[in-house]
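Dear colleague,

Please find below the structure for your review. My findings follow directly after it.

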Amino acid sequence: MPCDDRLHFRCYRRRTFLTLALAPLLAVGAQAEEDESDKPPAPDDRFTFLTGPKKGQVVRAEDLALGGPQMQVFPMAPDGTVRNNRLSLVILARFDPATLSEETRAHAADGVVAYTAVCTHQGCPVNMWSTDRKAFVCSCHGSVFDPRNGAEVLDGPAPRPLPALGLKLKDGVVTVAKTFTSRVGGTQG
């Protein structure tokens with residue numbers, strides 16, 4: 001509604017109120033856009049241990065047991081900022097490269113594979129390991145994913161494979177080469 005002279009004061013008050021009311025939201029939005037920790041994994045990110053005696057240290061290929069199980073990690077930007085948001089949680093595993101499908105080998109680095117740790121069903125964590133199947137398992141609804149074949153769904157309600165990250169090794173350090181192959185998250189968002 002345009003302001004005329006009679007309503008100038010009322011329009012001024014309305015604009016001032018809206019500016020003051022929205023300022024904190026706009027500031028939070030701008031800060032979130034600039035916050036590296038909220039961004040998804042990006043090329044040249046490395047990975048850090050979440051727990052254990054090496055917590056916070058950079059993950060090297062030899063830190064991963066050959067043949068599994070997976071390790072949950074967060075990516076770390078080149079400036080040292082850990083991308084510790086839920087959608088950036090990644091699972092790493094290492095296999096004999098000869099056991100990987102051609103598609104999986106294209107994303108892997110010397111047998112090390114990386115996938116989102118967010119299940120494609122309802123966004124639960126993929127944080128368990130099936131020793132018998134050498135596969136990732138979602139702890140909520142039991143979806144099972146084959147890490148040697150593009151994290152294809154072997155069992156359960158997940159509608160699609162886990163998105164993969166392209167990897168490379170830099171002096172033995174597991175590093176992101178390419179972003180996720182598809183959207184991260186479950187069918188519910």
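**Findings**

The protein chain has two helices and 10 strands; helices (H or I, at least four residues) and strands (E, at least two) are DSSP runs, numbered from the N terminus. Please note that this is a predicted model, in which local features need pLDDT of at least 70 and side-chain atom pairs count only at pLDDT 80 or more, whereas totals for chains, interfaces and linings use all residues. Residues are numbered from 1 along each chain as its sequence is written, and side-chain values use heavy atoms, with hydrogens and water left out.

Read from the N terminus, the order of elements is α-β-β-β-α-β-β-β-β-β-β-β. Of the 189 residues in the protein chain, 40% are buried, that is, under 20% relative accessible area (1.4 Å probe, protein chains only). Among contacts (heavy atoms within 4.5 Å) with a separation of 6 or more, 53% join residues 24 or more positions apart. The chain exposes about 10,400 Å², of which carbon and sulfur atoms supply 55%; the area comes from the Shrake-Rupley method with a 1.4 Å probe.

An open sheet is formed by four strands in the order β5-β6-β7-β8, with antiparallel pairing; two strands pair if DSSP finds at least two bridges between them. Its edge strands, β5 (126-130) and β8 (152-155), each pair on one side only. On average, neighbouring strands of this sheet are turned by 40 degrees against each other, direction ignored, with axes taken as lines fitted to C-alpha atoms.

Four antiparallel bridges link β5 to β6 (residues 135-138). W129 has F136 in β6 as its bridge partner.

With kind regards

How values were computed
Buried means under 20% relative accessible area, exposed over 50%, partly exposed in between (1.4 Å probe, protein chains only). Axes are lines fitted to C-alpha atoms, for helices over the stretch in contact, and angles run from 0 to 180 degrees between N-to-C directions.
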